[in-house]
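Here's a quick look at a strand and a handful of charged pairs. Have the sequence and the model open as you read.

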Amino acid sequence: MRNQNGREKNKRSALKTTVQVFAVGAMLIAANASNAQLCPKNIATTTTYFVPHIKDYCSSPTPCAAFKKEVRLQGSGTLSGGRILTYTGKIVKMDNCDTAIGASGKCLIPFISVAADPRHHSMGDIIQMPSLKGKIITLPNGKTMIHPGYLIVHDTGGAIKGANRFDIFTGGFDMNNDHNAFGTLGKPETQMVDKTDCASRKQFTVIRRSAPNYENALVAIEDSVSESIEEKKVMYASVMESAPARAGIQ
């Protein structure tokens with residue numbers, strides 16, 4: 001009887017061990033699946049977002065269901081009279097900004113502003129992506145910009161998780177717009193819409209406020225923007241306000 005009890009005990013112990021090993025294995029698989037959603041740490045995992053306009057979704061000035069749905073996805077949408085409808089349902093007067101206001105409180109800059117994970121990035125951090133430098137970008141107002149090869153963190157997003165996860169703002173251009181250089185119809189060397197695309201062109205480095213080249217990167221962004229959109233200098237003041245000296249940040 002004692003030997004039989006011993007064998008039963010051993011069976012139960014072996015079964016328990018097997019279950020534990022399976023559970024650990026399942027957790028590891030889940031963890032790996034989660035990690036597989038991001039590109040290698042020096043490659044940006046990118047998507048894009050935009051600000052929809054009510055006239056493209058509704059037949060009247062009153063927000064319709066289709067527009068509200070897109071606003072919930074994108075974070076905000078443009079109404080008539082220089083107003084923005086946020087995903088919370090709040091209507092905000094935009095004053096001198098004609099795109100959207102990011103979590104930084106700054107006006108978002110098409111093809112420059114990005115949303116990032118606040119656990120890894122502070123507002124004003126600059127993302128240097130050399131492959132973008134010199135690329136000709138058509139802006140939502142029809143003008144063009146020579147991209148400086150820098151992006152700047154001006155926003156956050158609930159689904160933006162990870163040190164190399166970035167959502168790039170493209171103004172009024174949705175991901176399938178013919179003129180969206182970062183969208184599905186953009187040239188292969190500038191497409192940023194697919195987060196599973198881990199091409200080497202998305203290699204990046206982060207320039208923090210304390211870095212010696214931070215100020216130079218800000219100036220490069222300002223030059224690229226102001227040369228192409230002279231009348232929108234107020235909108236783009238957020239770029240230079242990010243500079244430590246000008247913002248009073250030591």
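Predicted model: local features only at pLDDT ≥ 70, side-chain atom pairs only at ≥ 80, totals over all residues.

## Strand E1

Let's start with E1, which covers residues 45-49. Five of its five residues are buried, so the strand is largely enclosed by the rest of the structure. Look at either face and you'll find cover: Thr45, Thr47 and Tyr49 are buried on one side, and Thr46 and Thr48 are buried on the other.

For a neighbour, E1 has strand E10 (residues 165-169), and the two run parallel, paired over five bridges. Thr45, for instance, has Arg165 as its bridge partner in E10.

## Salt bridges

Now to the charged side chains: the structure holds five salt bridges. One of them joins Asp56 and Lys55, with the closest N and O atoms 3.4 Å apart. Both of these residues, Asp56 and Lys55, are exposed.

Another joins Asp125 to Arg208, where the closest N and O atoms are 2.4 Å apart. Asp125 sits in the loop between strands E5 and E6, and Arg208 in the loop between strand E11 and helix H3, so this pair ties together parts that are 83 residues apart in sequence. Asp125 counts as buried because its relative accessibility is 3%, while Arg208, at 35%, counts as partly exposed.

Lys202 has 0% relative accessibility, so it counts as buried. Through salt bridges with shared partners, Asp197, Arg201 and Lys202 form one network.

Methods: Residues numbered from 1 in each chain as written. Heavy atoms only, no water. Buried < 20%, exposed > 50% of the residue type's maximum accessible area, 1.4 Å probe, protein only. Helix = DSSP H or I, 4+ residues; strand = E, 2+ residues; numbered from the N terminus. Pairing = 2+ DSSP bridges. Salt bridge = Lys/Arg side-chain N within 4 Å of Asp/Glu carboxyl O.
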